[in-house]
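Here is a short note for a colleague opening this entry. Please read it with the model on screen.

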Amino acid sequence: LGYSLDWCSALFDSTRWVHTIIPAPRGSIFAIIDTLDRISIVDAAVPSMITTILIVKGCRNAEVAWLELPPKGNAKASRNDVNRERLYVVIRSPHRNKGNVEFWE
């Protein structure tokens with residue numbers, strides 16, 4: 001990878017194993033898929049205090065992606081505006097919500 005990570009924090013759960021980590025296209029947010037068919041969205045901005053933003057259950061065989069959209073309305077964002085684009089996690093699981101695609105902001 002070209003860099004190393006220091007071990008800062010951990011969540012111990014003997015029944016859960018992470019098998020996929022999908023970083024957002026910007027920032028410190030990650031989608032984590034585990035063996036309990038859950039997708040966790042976490043923010044690792046402060047490595048010693050990883051924050052869970054969302055947990056979506058029942059996502060067996062799920063596909064996950066990130067989507068960035070321009071700001072709402074016609075307002076132009078300034079160059080210094082870090083929130084100029086909206087970030088969504090996109091989830092499709094054949095066993096959840098009749099296989100429909102879900103968007104979570």
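Buried means under 20% relative accessible area, exposed over 50%, and partly exposed in between (1.4 Å probe, protein chains only).

1. Ground rules. This is a predicted model, in which local features need pLDDT of at least 70, side-chain atom pairs count only at pLDDT 80 or more, and totals for chains, interfaces and linings use all residues. Residues are numbered from 1 along each chain as its sequence is written, and side-chain values use heavy atoms, with hydrogens and water left out.

2. Salt bridges. How many salt bridges does the structure hold? There are 4. The term covers a side-chain nitrogen of Lys or Arg within 4 Å of a carboxyl oxygen of Asp or Glu. Three of them, those of E63, R26 and D34, are taken up below.

3. E63 and R92. Their closest N and O atoms are 2.8 Å apart. The pair links distant parts of the chain, 29 residues apart: E63 is in strand β5 and R92 in strand β6 (residues 86–92). Strands here are DSSP runs (E, at least two residues), numbered from the N terminus. R92 is partly exposed, at 30% relative accessible area. E63 is also partly exposed, with 45%.

4. R26 and E68. This salt bridge has an N to O distance of 2.5 Å. R26 sits in the loop between β1 and β2, and E68 in strand β5 (residues 63–69), so the bridge ties together parts 42 residues apart in sequence. R26 is partly exposed at 29% relative accessibility. E68 is partly exposed, with a relative accessible area of 29%.

5. D34 and R16. Here the N to O distance is 2.9 Å. D34 belongs to strand β2 (residues 29–34), while R16 lies in the segment before β1 (18–23), so the pair joins parts that are 18 residues apart in sequence. Is D34 buried or exposed? D34 counts as buried, because its relative accessibility is 2%. R16 is partly exposed, at 22%.

6. E102. This residue lies in strand β7 (residues 101–104). E102 is buried, at 9% relative accessibility. Its side chain makes a polar contact of 2.6 Å with that of R96, and another of 3.3 Å with that of W104. A polar contact is a pair of N or O atoms within 3.5 Å; within protein, one must be able to donate a hydrogen and the other to accept it, and residues adjacent in sequence count only if both atoms are side-chain atoms.

7. Around E102. Neighbours within four places in sequence aside, E102 is in contact (heavy atoms within 4.5 Å) with V89, V90, I91, R96 and N97.

Note on methods. Helix = DSSP H or I, 4+ residues; strand = E, 2+ residues; numbered from the N terminus.
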